[in-house]
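Trainee: Can we go through this one together? I'd like to know what stands behind each label.

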Amino acid sequence: MSGRILKFEEIGDEFARLLICTVPLLITGLASLCFVVVLRRKLLSKKIGKDIGHPKIDYLGAKVKPGSIAFLKFVLLLILFSVSPMKDGAGDDGIRSAACLLVG
């Protein structure tokens, strides 16, 4: 088997196919969560505006925060619109729904 590429169709065991598809995604997801934890710790260890003598930065941050939360809710809604129709068996309905939501 040296130098030969293994084709997905040649794998007879269904569980092995599932592992081949799932493990790289799982590793990537865990790595991204670790990345978020490290960045969050670094960010929370920094001083805020009032600690460095610039309280206006805190005021501006308070103005930006509701908009960023609204954007994250929109992204979550977009993801739900994309995933929900895929469970019903139609592979492209979620993408169409998300595009309509984004454009409309």
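**Labels and cut-offs**

Mentor: Start with glycine 61, which is partly exposed, with a relative accessible area of 37%.

Trainee: Why is glycine 61 called partly exposed?

Mentor: Buried means under 20% relative accessible area and exposed means over 50%, with partly exposed in between (1.4 Å probe, protein chains only). Glycine 61 has 37%, so partly exposed is the label. Glycine 61 sits in helix α2, residues 55–87, and its C-alpha atom is 10.0 Å from that of isoleucine 48, 13 residues away along the chain. Bear in mind that this is a predicted model, where local features need pLDDT of at least 70, side-chain atom pairs count only at pLDDT 80 or more, and totals for chains, interfaces and linings use all residues. Residues are numbered from 1 along each chain as its sequence is written, and side-chain values use heavy atoms, leaving out hydrogens and water.

Trainee: What makes a stretch a helix, and how many does the protein have?

Mentor: Helices (H or I, at least four residues) and strands (E, at least two) are DSSP runs, numbered from the N terminus. The protein has 3 helices and 0 strands, in the order α-α-α.

Trainee: Where is confidence lowest, and where is it highest?

Mentor: pLDDT is the predictor's confidence in each residue, from 0 to 100. Helix α3 (residues 93–103) is lowest at a mean of 67, and α1 is highest at 92. The protein averages 83, and 79% of the residues score at least 70.

Trainee: Why does isoleucine 11 count as buried?

Mentor: Its relative accessibility is 12%, under the 20% limit, so isoleucine 11 is buried. Isoleucine 11 lies in the segment before α1 (14–44). Setting aside neighbours within four places in sequence, isoleucine 11 is in contact (heavy atoms within 4.5 Å) with Leu6, Ala16, Arg17 and Ile20. Of the protein's 104 residues, 6% count as buried.

Trainee: Which residues line the largest pocket, and how do you know their classes?

Mentor: The lining is Leu43, Leu44, Lys46, Lys47, Ile48 and Lys65. Leu and Ile count as nonpolar and Lys as charged, so the lining has 3 nonpolar, no polar and 3 charged residues.

Methods:
1 Å grid on protein atoms, 1.4 Å probe; cavity = no way out; pocket = protein on both sides within 12 Å on 5 of 7 lines; lining within 4 Å.
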